[in-house]
Amino acid sequence: MPNKETHLEQYQHNKDFLENGISDKNKFADWAVTVTFYCAVHIVEAALANINIHSKNHNDRGKKIENLRCPRLKTYYKDLYSRSITSRYNCILQTSEDVKYALKDLKAIREMIEIKIKG
């Protein structure tokens, strides 16, 4: 199982791609939303690993988020997950507005998780 540091490295890698690898977030909004979700995956996994909990998949992670005791975390995570599914599997066009909301969710998750990782 990856440890906290490994998940944080993957989070940073995904975030770097989101910020520098996707030059046109309007044209590639679907990928921007998806990468934003995977940023959230790894920051949540880092917080879970910090308390020696690991998840097997998205569904399992969705349940284990409760262990982090952040009331709104699950809401933000589920929103990003839903946006990612909509984009990847339902082929529903994403817009720069969708990217903006996804980034807001990620920011909220990151702020909640930083408290758990450092605390």
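Analyst: The charged end of Lys100 sits over the ring of Tyr101, 5.7 Å from the ring centre; the rule asks for NZ of Lys or CZ of Arg within 6 Å of the ring centre and within 35 degrees of the ring normal. This is a predicted model, in which local features need pLDDT of at least 70 and side-chain atom pairs 80 or more, while totals for chains, interfaces and linings use all residues. Residues are numbered from 1 along each chain as its sequence is written, and side-chain values use heavy atoms, without hydrogens and water.

User: How are the rings of Phe37 and Tyr38 paired?

Analyst: Rings of Phe, Tyr and Trp (its six-membered ring) pair if their centres lie within 6.5 Å; planes under 30 degrees apart are stacked, over 60 edge-to-face, the rest tilted. The centres of Phe37 and Tyr38 are 5.0 Å apart with planes at 70°, so the pair is edge-to-face.

User: Is Phe37 buried or exposed?

Analyst: Buried means under 20% relative accessible area, exposed over 50%, and partly exposed in between (1.4 Å probe, protein chains only). Phe37 has a relative accessible area of 0%, whereas Tyr38, at 26%, counts as partly exposed. Phe37 is therefore buried.

User: Which class does the pair of Phe37 and Tyr77 fall in?

Analyst: Tyr77 is buried at 3% relative accessibility. The ring centres of Phe37 and Tyr77 are 5.5 Å apart and the planes lie at 50°, so the pair is tilted.
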